[in-house]
Amino acid sequence: MDPLVIAGRHFESRLIVGTGKYKDGPETRDAILASGTEMVTVAVRRVNLDRNSESLLDYIDPKKYFLLPNTAGCYTAEEAIRAARLAREVGLSDWVKIEVIGDLPTLYPDVAATVEATRVLVKEGFTVLPYTSDDIVFAKRLIDVGAAAVMPLGAPIGTGVGIANRHTLTMLRELITEVPLICDAGLGTASDAALAMELGYDGVLLNTAIAGAKDPVLMASAMGKAVAAGREAFLAGRMPRKLYASASSPMEGISK
């Protein structure tokens, strides 16, 4: 048994799945099921919370999935704090994925505002999982103010280019051991998710890579398997790379 543990809570799946960009509620439900995930993110500012009309929440069973509200669409620390408080007030969760966008064309996070929002919300009793850049300095600052996990991007949100910053993500993994590291954003296919896990990341968060696939449900299934396979490969430890060939069968004892 190799659970993902965040703030003392155990999850058997290391894949976290978003709920945006699907064509409809049933496709969202089916993709989440196929992924094998246990944690699902929901954008507080983009979901009907009063439930007087059809809502995305109608297709997500809170008894089966752990809901992680996120502050997508927020551009200041104050907006993100307000969205997190709203999510808790309506009964979604006292966990929150903090996302504060600082640049519209790239959707890169405003890391200073993210640190501030994290600091405030941790003091208010939230379990905070911040989306951030691959900057080690800000990652450490997020931990200092109480982040329960750090979620650096693999590439800009929605690009699907895969791991664009392998070197810095590897450094983050080596230097941060206090909290889980979740690779969040920019992945495009199953091999990207497997690579993130092989780098030693504790989990992967995906949305567009699944919702934007030609067959989202099948891709969700592939992502679940890739995350599991990547984790196993990391634990197994890959063979060393060599410059020259090495026969797979021993040469000793071969008759001449």
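Tutor: The model is a predicted one. H4 itself spans residues 136-144, and its buried residues are Phe-138, Ala-139, Leu-142 and Ile-143. These lie on the same side of H4, because the arc they cover around the axis is only 145°. One of the four, Phe-138, also has a charged neighbour: Arg-141 lies over the face of its ring, at 5.1 Å from the ring centre.

At the start of H4, Asp-135 brings a side-chain oxygen to within 2.8 Å of the backbone nitrogen of Val-137. Just after H4, Gly-146 adopts a positive phi of about 110°.

As for the aromatic pairs, with ring centres required to lie within 6.5 Å, the count is three. Phe-11 and Phe-66 form one of them, edge-to-face, at 5.7 Å centre to centre and with 70° between the planes. This pair links distant parts of the chain, since Phe-11 is in strand S2 (residues 9-11) and Phe-66 in strand S5 (residues 66-70), 55 residues apart. Both Phe-11 and Phe-66 are buried. Phe-11 also pairs edge-to-face with Trp-95, at 6.2 Å centre to centre and 75° between the planes. Trp-95 belongs to strand S6 (residues 95-98) and Phe-11 to S2, so this pair ties together parts 84 residues apart in sequence. Trp-95 is buried, as is Phe-11. Through ring pairs, Phe-11, Phe-66 and Trp-95 are linked into a cluster.

Note on methods. Residues are numbered from 1 along each chain as its sequence is written. This is a predicted model: local features need pLDDT of at least 70, side-chain atom pairs count only at pLDDT 80 or more; totals for chains, interfaces and linings use all residues. Side-chain values use heavy atoms; hydrogens and water are left out. Rings of Phe, Tyr and Trp (its six-membered ring) pair if their centres lie within 6.5 Å; planes under 30 degrees apart count as stacked, over 60 as edge-to-face and the rest as tilted. Helices (H or I, at least four residues) and strands (E, at least two) are DSSP runs, numbered from the N terminus. Buried means under 20% relative accessible area, exposed over 50%, partly exposed in between (1.4 Å probe, protein chains only). A charge sits over a ring if NZ of Lys or CZ of Arg is within 6 Å of the ring centre and within 35 degrees of the ring normal. The arc is that of the directions from the helix axis to the C-beta atoms. A polar contact is a pair of N or O atoms within 3.5 Å; within protein, one must be able to donate a hydrogen and the other to accept it, and residues adjacent in sequence count only if both atoms are side-chain atoms.
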